[in-house]
Amino acid sequence: MKYPLLAVTLSILLLSGCGSDDNTSEEVIPPVPPSPPAVNSVNIDEAMQINLALNQFDQKTGTIQFSLTDAQQAAITAVKAYDIYYFGFPDSNKASSNPKAWKRWHTTQSYRCQNTTECGGKLTETQTGQYQFEIPALDWQQQDPSHAVAQIKVAIQIYGAKANNELSLIEAPSI
């Protein structure tokens, strides 16, 4: 009878097909994290135009964060020369106790860096085209003992070899 031979042949075929899948180990390749987008940048001395955007201002300490771009929106790097002015203004809604006083008086504190050996404040490039300017403290007491400063504005001038930004007063939140 040929049935026992057929049964043995089928058993061998079934057994040879099983078991081989359990022992194979596939090599798992970990995913590669995406690289950060490339930042288009230009050195300050090559920039033909400087655009400044104030990102953050801490009115207690005077720390400011800003970004710089050129006409093509490339981040500007390697800034060294600057003039930064803080202006303290009184509350424009309060009447002056001195009727002859000019209503829009102001006090100023200024920080310059034209040569890197004598700089007022500390300018740090935190990321490509992103800067932070720090001073020991924004202290109006010396110039304003009556504590009348209610509004602070800042003016930032950045200098490159070929261009500098347009100087304008940037208003900070009220004290």
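Helices and strands are taken here as DSSP runs numbered from the N terminus, a helix having at least four residues and a strand at least two. On this basis, His-106 is placed in the loop between S5 and S6 of a model that is predicted. With a relative accessibility of 37%, His-106 counts as partly exposed. When residues up to four places away in sequence are left aside, His-106 touches Phe-87, Gly-88 and Phe-89. The C-alpha atoms of His-106 and Ala-148 are 9.7 Å apart in space, although 42 residues separate the two in sequence.

The chain as a whole contains 1 helix and 10 strands, and its elements follow the order α-β-β-β-β-β-β-β-β-β-β from the N terminus on. Of its 175 residues, 30% count as buried, and the chain exposes about 12,200 Å², of which carbon and sulfur atoms supply 54%. Among contacts between residues at least 6 apart in sequence, 63% join residues at least 24 apart. The mean pLDDT of the chain is 79, with 69% of its residues reaching 70 or more. Confidence is lowest in helix H1 (residues 3-17), where the mean is 55, and highest in strand S4 (residues 75-77), where it is 97.

Strands of a sheet pair through backbone hydrogen bonds, in either a parallel or an antiparallel manner. In the present model, 4 strands form an open sheet in the order S6-S5-S9-S10, with antiparallel pairing. The edge strands of this sheet are S6 and S10, each of which pairs on one side only, and the twist from one strand to the next averages 20 degrees. Within the sheet, S5 and S9 run antiparallel and are joined by 10 bridges; one of the residues concerned is Tyr-82, whose bridge partner in S9 is Ile-158.

A further antiparallel pairing is found between S2 and strand S3 (residues 64-69), which are joined by 6 bridges. Leu-54 stands opposite Phe-66 in S3. The two strands, S2 and S3, form a hairpin with 6 residues between them, and Gly-62 in the turn has a positive phi of about 85 degrees.

Most residues other than glycine have a negative phi. Gln-73, found in the loop between S3 and S4, has a positive phi of about 65 degrees although it is not a glycine, and with a relative accessible area of 55% Gln-73 is exposed. Ala-78, whose place is in the loop between S4 and S5, likewise shows a positive phi, near 65 degrees, in a residue other than glycine. The relative accessible area of Ala-78 is 27%, so this residue is partly exposed.

With a salt bridge taken as a side-chain nitrogen of Lys or Arg within 4 Å of a carboxyl oxygen of Asp or Glu, the count comes to 2 salt bridges. In one of them, Glu-46 pairs with Lys-162, and the closest N and O atoms are 3.3 Å apart. Glu-46 lies in the loop between strand S1 (41-43) and strand S2 (51-57), whereas Lys-162 lies in the loop between strand S9 (149-159) and strand S10 (169-171), so the pair ties together parts that are 116 residues apart in sequence. Glu-46 counts as partly exposed at 47% relative accessibility, and Lys-162 counts as partly exposed at 47% relative accessibility as well.

A salt bridge is also formed by the side chains of Asp-83 and Arg-112, with an N to O distance of 2.7 Å. Here too the pair links distant parts of the chain, since Asp-83 belongs to strand S5 (residues 81-90) and Arg-112 to strand S6 (residues 107-113), 29 residues apart. The accessibilities of these partners fall into separate classes under a cut-off for burial of under 20% relative accessible area: Asp-83, at 3% relative accessibility, counts as buried, whereas Arg-112, at 45% relative accessibility, counts as partly exposed.

Conventions
Residues are numbered from 1 along each chain as its sequence is written. This is a predicted model: local features need pLDDT of at least 70, side-chain atom pairs count only at pLDDT 80 or more; totals for chains, interfaces and linings use all residues. Side-chain values use heavy atoms; hydrogens and water are left out. Buried means under 20% relative accessible area, exposed over 50%, partly exposed in between (1.4 Å probe, protein chains only). Two strands pair if DSSP finds at least two bridges between them. Contact means heavy atoms within 4.5 Å. Axes are lines fitted to C-alpha atoms, for helices over the stretch in contact, and angles run from 0 to 180 degrees between N-to-C directions. pLDDT is the predictor's confidence in each residue, from 0 to 100. Accessible areas come from the Shrake-Rupley method with a 1.4 Å probe; for residues, only the protein chains shown count as cover.
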